[in-house]
Amino acid sequence: MKTFNVPAREEVSPANQVLFDNLKKGIGKVPNLYATMAHSENALGAYLALQSSKTSLKAKEKEVVNLVVSQVNACDYCLAAHTYIAKLNGFTDEQIIEIRKGGASFDPKLDALARLVKSAVENRSKPDAAAVDQFFAVGYTNENLVDTVVLIGDKMITNYLHGITHVPVDFPAAPAL
């Protein structure tokens with residue numbers, strides 16, 4: 001299978017070099033998976049716009065979606081990155097493991113979100129009706145549902161990119177389940 005390199009700043013277009021510089025200023029580095037997107041003239045900018053777009057979901061809710069989708073897709077890169085980010089957002093190691101398994105017994109609202117996301121991804125966009133009903137029963141809205149689906153799509157992009165390229169993971173590895 002083809003080997004994919006992680007391009008350095010000097011190997012990408014001037015527009016992507018600006019994005020690399022902004023990432024380095026903002027988060028201290030250019031993650032390998034983001035750098036890999038810079039093989040395309042447009043993908044990195046488009047993805048960063050999607051990822052930073054406004055949403056009705058809170059930071060912890062976003063990490064629930066990111067962790068569940070990445071676990072279902074067995075994406076080592078995204079599991080590592082989002083385990084790290086989830087800890088920054090206040091989740092414990094035990095909570096992160098539970099979320100990755102598709103639940104969150106410590107918070108009924110996050111539990112309903114995790115269960116909906118797991119069901120939707122495992123069933124390829126057709127979640128169990130009970131998962132949808134529970135999502136709304138705990139107080140989520142139509143807007144939250146749409147934003148959840150957009151976030152699932154966001155994470156599918158990076159899961160698939162890593163699944164195809166196998167670029168090195170540059171975050172601490174997530175523990176195995």
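Residues are numbered from 1 along each chain as its sequence is written. Because the model is predicted, local features need pLDDT of at least 70 and side-chain atom pairs count only at pLDDT 80 or more, while totals for chains, interfaces and linings use all residues, and side-chain values use heavy atoms, with hydrogens and water left out.

Among the buried residues of H5 are Tyr77, Leu79 and His82, buried meaning under 20% relative accessible area, exposed over 50% and partly exposed in between, with a 1.4 Å probe and protein chains only. The buried residues of H5 pack against H2, H4, H6 and H9, contact meaning heavy atoms within 4.5 Å.

Turning to another contact of H9, residues Tyr47, Leu50 and Gln51 in H3 meet Val150, Asp154, Lys155, Ile157 and Thr158 in H9.

Finally, the loops: Ala74, found between H4 and H5, has a positive phi of about 55° although it is not a glycine, and it counts as exposed at 57% relative accessibility. Ser125, in the loop between H7 and H8, likewise is not a glycine but has a positive phi of about 85°, and Ser125 is exposed, with a relative accessible area of 55%.

Note on methods: Helices (H or I, at least four residues) and strands (E, at least two) are DSSP runs, numbered from the N terminus.
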